[in-house]
Amino acid sequence: MVVVDSETATVLRVKGLLEFRCQLDSTDEQLVRNVISRTFETLRSQVKSESCVLAVSDSPVIIWPNKDAYATPEEITPSTLCEDMHQWIQADEQESSGKKSSKKKSKKSSVASVINLRLMTEVTKPGPLSAPILTKTVLKSHFVSVTLPLDCVVCTGRSDTIKEYVFYTKHLLIEALTHQLCEMEKVTLQNMKGMTLLVPEPVHFLLPEPKGLVTVVYPVGVPDSQLVAQRKELHQQFELPDDRPYFRRANAYHFPNEPYKDGYLRNPHLALTHPTLDNGKVYLVQGIYSYHHYMQDRVDDNGWGCAYRSLQTICSWFQQQGYVELPVPTHKEIQQALVDVGDKQASFVGSRQWIGSIEVQAVLSHLLGLTSKILFVSQGAELASKGRELANHFLTEGTPVMIGGGVLAHTILGVAWSETTGQIRYLILDPHYTGAEDLQVITDKGWCGWKGPDFWDQTAYYNLCLPQRPKVI
């Protein structure tokens with residue numbers, strides 16, 4: 001595994017496929033293991049050789065890490081800043097439109113930027129080559145061919161030059177690649193079943209600071225339920241609590257330059273500025289969730305589906321934190337769950353009837369096996385006095401909160417609260433939004449934003465559903 005601090009830096013991520021091929025002429029387990037180990041050693045030598053090439057994705061930049069500072073195009077010199085590599089990388093819209101790319105300066109940011117590199121190998125060498133000699137030998141043996149998906153990351157400072165970058169590449173990235181091949185060898189040997197080999201797969205996880213980004217190799221096809229022992233060892237190694245999942249596949253780190261395939265926005269609240277209160281602190285949802293709102297999924301629920309959407313946001317949180325593997329339930333699946341637990345009649349399925357916090361609690365229990373606390377507030381004016389309860393919830397549980405009152409439902413993602421003055425602001429994710437997945441519109445128009453106590457109907461009653469984390473690794 002590789003630990004990387006990804007804050008305020010450039011993350012170099014290299015991906016590539018290496019062909020693992022070996023011939024097993026014996027069924028003796030130890031001999032087979034020796035052949036596999038020798039094949040992995042050959043691959044490690046290949047990564048360390050001068051034929052190893054790194055190509056910066058979507059750019060003409062090619063680097064030979066195991067030679068002296070040798071790169072193309074010629075304008076890239078040893079003194080070029082690593083950060084300036086971005087000007088050579090084509091923007092997505094330029095690629096899709098077919099336009100010739102122009103050098104484009106990237107904006108400086110306080111978060112990590114990612115440079116993607118492809119691992120390749122030169123197949124030809126300069127100079128005269130010997131004529132090939134063909135021979136034919138007939139043998140009965142077992143031939144193994146597996147494609148290994150290497151995926152490594154290292155971190156460089158933004159002020160690093162290309163010369164320093166090549167140093168990092170040679171001494172860190174190549175080291176990381178060879179180390180990952182060692183991890184793959186270990187996982188392959190641990191999960192051998194006769195002559196059958198399981199493909200090792202690297203997965204990245206972002207751990208709480210200061211640990212940063214960690215890469216772990218898992219065997220493909222082995223479910224998380226069979227990897228508990230490995231995860232326990234990782235929790236001990238990184239001194240992590242044993243009541244929360246950090247190393248399940250659902251917790252895999254999503255790099256900022258990779259779009260989510262399902263189209264939902266993740267964590268829109270991160271684009272907001274926190275309010276300032278006298279002696280106040282901010283308590284926020286922990287982890288990743290998807291923003292679910294009206295009119296998504298080709299369902300016209302405008303005017304009746306706000307609580308369903310808030311429930312979907314909560315379910316997405318538990319899914320993306322690795323607590324559950326079930327997909328986010330649809331409106332009909334939510335309705336059917338309430339019928340199954342005896343809360344509604346069969347005619348409720350397919351209807352446009354509202355649900356509230358109590359129904360949200362029942363669905364979370366029935367479909368996901370989760371418990372929830374219910375906080376009752378007889379008047380909206382009393383919500384201003386619930387700062388301590390909400391702050392404690394986000395500090396200890398960190399899950400989104402569904403709040404329903406009257407005919408409206410919202411999702412609370414956090415609070416800014418002052419214990420000394422009692423001032424409070426609520427971070428609201430509004431499911432009543434009907435537009436496209438436009439982060440700027442959603443934040444500028446307040447569909448995700450900080451609200452004061454007057455946001456609530458001061459005379460209406462409210463029920464808050466506070467989902468609780470399961471205690472699992």
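1. Start with a loop. Pro210 sits in the loop between strand E8 (200–207) and E9. This is a predicted model, so read each point below as a description of that prediction. The bond between Glu209 and Pro210 is a cis peptide bond. Its omega is about 10 degrees. Most peptide bonds are trans.

2. Asn279 is found between H4 and strand E10 (280–284). Its phi is near 55 degrees. That is a positive value, and Asn279 is not a glycine. Most residues other than glycine have a negative phi.

3. Now the second largest pocket. Its volume is about 340 Å³. The lining has 16 residues, and those closest to the centre are Glu183, Lys186, Gln230, Glu233 and Leu234.

4. Which element gives the most to the lining of the second largest pocket? It is E9, with five residues. Sorted by class, the lining holds eight nonpolar, five polar and three charged residues.

5. Turn to the helices. H5 covers residues 306–320 and H7 covers residues 357–368. Their axes come within 11 Å and cross at roughly 40 degrees. Angles under 35 degrees count as roughly parallel, and 65 to 115 as roughly perpendicular. H5 and H7 are therefore oblique to each other. Their crossing is right-handed.

6. Who touches whom here? On the H5 side, the contact is made by Ala307, Leu311, Ile314 and Cys315. On the H7 side, Val360, Val363, Leu364 and Leu368 take part. By class, the contact of H5 with H7 has eight nonpolar residues, no polar ones and no charged ones.

7. H7 also packs with helix H6 (residues 331–340). What is the angle between H6 and H7? It is about 85 degrees, with the axes 9 Å apart. The range for roughly perpendicular is 65 to 115 degrees. H6 and H7 therefore fall in that class.

8. The H6 residues in this contact are Glu333, Ile334, Ala337, Leu338 and Asp340. They meet Glu359, Ala362, Val363, His366 and Leu367 in H7. The contact of H6 with H7 divides into six nonpolar, one polar and three charged residues. Look at Val363 in particular. Val363 of H7 takes part in the contact with H5, and Val363 is also listed in the contact with H6.

Definitions and conventions: Residues numbered from 1 in each chain as written. Predicted model: local features only at pLDDT ≥ 70, side-chain atom pairs only at ≥ 80, totals over all residues. Heavy atoms only, no water. 1 Å grid on protein atoms, 1.4 Å probe; cavity = no way out; pocket = protein on both sides within 12 Å on 5 of 7 lines; lining within 4 Å. Points joined across faces, edges and corners; volume = space filled by probe spheres on them. Helix = DSSP H or I, 4+ residues; strand = E, 2+ residues; numbered from the N terminus. Nonpolar A, V, L, I, M, F, W, Y, C, P; charged D, E, K, R; others polar. Axes fitted to C-alpha atoms, helices over the stretch in contact; angles between N-to-C directions. Parallel < 35°, antiparallel > 145°, perpendicular 65-115°, else oblique. Left-handed = near helix turned anticlockwise from the far one by under 90°. Contact = heavy atoms within 4.5 Å.
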